[in-house]
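Please read the numbered points with the sequence and the model at hand.

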Amino acid sequence: NLEYLEHYQGLKILGIHGHRKNIEVVGKLKNLETLRLNSISKVPLHFVNELKRLKALHFVLGGRENIAEIEENEIETLEIIRVRGFNRFENLSNFRKLKRLSIEDQIRLKELHFKRTLPHLKELKIITCKTLETLSGIENLTRLTQVRIYHTAIAFHEFIKNKFPESLDILAFYTSKIKKDREIKAELEKLGYRDGL
């Protein structure tokens, strides 16, 4: 029972691992800056909207199709890692202050669209999202410095046609096939991008 957390109003960092009962009380922790939700499945996320000082949000394991309940916020770091069933991210534009976005091991996510300008986003990592074939709106990430893509269904020679921001320095694209990855790395180096490793 997480109800007792209401008494810890000075709390800035909280990790919850598998506990769900009265999880909505987390919304009363007004000073919370970092929230890690590990192995939390299908609970409503409306309480996140009450955390006006939240800067970092991490979803690891558990299961849910999306995080659509999250409204416009001040979050700067967002991680979605190995969340079972996660298949769409239509409210990405609500994360207007985002600086770092990492999406890993999401085998049902097929597309990701940056429909609006996210002027603060600097780091984008998409790792082992095997069915992700569409990534659009890179041109709306005007301060992007690093993109790392590994083992997706994105076609490299289509992806490289995107208009990338001038701030982009590190661009790494891996398919998990050694020979092809060497060729891609060489092509990116000719275009002036670093691998960053």
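Which residue in strand 2 is the bridge partner of His17? The bridge partner of His17 in strand 2 is Asn38.

1. Basis of the note. The model is a predicted one, in which local features need pLDDT of at least 70 and side-chain atom pairs count only at pLDDT 80 or more, while totals for chains, interfaces and linings use all residues. Residues are numbered from 1 along each chain as its sequence is written, and side-chain values use heavy atoms, with hydrogens and water left out.

2. Elements. The protein contains ten strands and two helices. Read from the N terminus, their order is β-β-β-β-β-β-β-β-β-α-β-α. Helices (H or I, at least four residues) and strands (E, at least two) are DSSP runs, numbered from the N terminus.

3. Overall dimensions. The C-alpha trace spans about 55 × 30 × 30 Å along the principal axes of the protein. The radius of gyration of the protein is 18 Å, which agrees with the value near 16 Å that a compact globule of 197 residues would have. That radius is taken over C-alpha atoms, and the globule rule is 2.2 Å times the number of residues to the power 0.38.

4. Burial and surface. Of the 197 residues in the protein, 47% are buried; buried means under 20% relative accessible area, exposed over 50%, and partly exposed in between (1.4 Å probe, protein chains only). The protein exposes about 10700 Å², and carbon and sulfur atoms supply 47% of this area. Accessible areas come from the Shrake-Rupley method with a 1.4 Å probe, and for residues only the protein chains shown count as cover.

5. Contacts and charges. Taking contacts between residues at least 6 apart in sequence, 22% join residues at least 24 apart; a contact means heavy atoms within 4.5 Å. The protein carries 36 positive and 27 negative charges, and their mean positions are 2 Å apart. Lys and Arg count as positive and Asp and Glu as negative, while His and the chain ends are not counted. Each charge is placed at NZ of Lys, CZ of Arg, CG of Asp or CD of Glu.

6. Strands 1 to 3. Strand 2 (residues 34–38) pairs with strand 1 (residues 13–17) in the parallel sense over five bridges; two strands pair if DSSP finds at least two bridges between them. Strand 2 also pairs in the parallel sense with strand 3 (residues 56–60), again over five bridges. In this second pairing, Leu35 stands opposite Leu57 of strand 3. Four of the five residues of strand 2 are buried, and the strand is thus mostly covered.

7. Strands 5, 7 and 9. Strand 7 (residues 123–127) is joined to strand 5 by five bridges in the parallel sense, and Ser102 has Lys125 of strand 7 as its bridge partner. Strand 7 pairs with strand 9 (residues 146–150) in the parallel sense as well, over five bridges. There, Leu124 stands opposite Val147 of strand 9.

8. The loop between strands 4 and 5. Is Phe95 buried or exposed? Phe95 lies in the loop between strand 4 (77–81) and strand 5 (100–104), and is buried because its relative accessible area is 0%. Beyond its neighbours within four places in sequence, Phe95 is in contact with Ile67, Ile70, Asn73, Ile75, Leu78, Phe89 and Leu118. Its C-alpha atom is 6.1 Å from that of Glu72, which lies 23 residues away along the chain. Asn94 belongs to this loop between strand 4 and strand 5 and is buried, with a relative accessible area of 19%. Not counting residues up to four places away in sequence, Asn94 touches Ile70, Glu71, Glu72 and Asn73.

9. Positive phi angles. Arg82, in the loop between strand 4 and strand 5, has a positive phi of about 55° although it is not a glycine. His151, likewise a residue other than glycine, has a positive phi near 55°. His151 is placed in the loop between strand 9 and helix 1 (156–159) and is partly exposed, at 24% relative accessible area.

10. Glu111. This residue is found in strand 6 (residues 111–113) and counts as partly exposed because its relative accessibility is 43%. Apart from neighbours within four places in sequence, Glu111 is in contact with Leu132 and Thr134. Glu111 and Leu132 are 21 residues apart in sequence, yet 5.4 Å apart in space from C-alpha to C-alpha.
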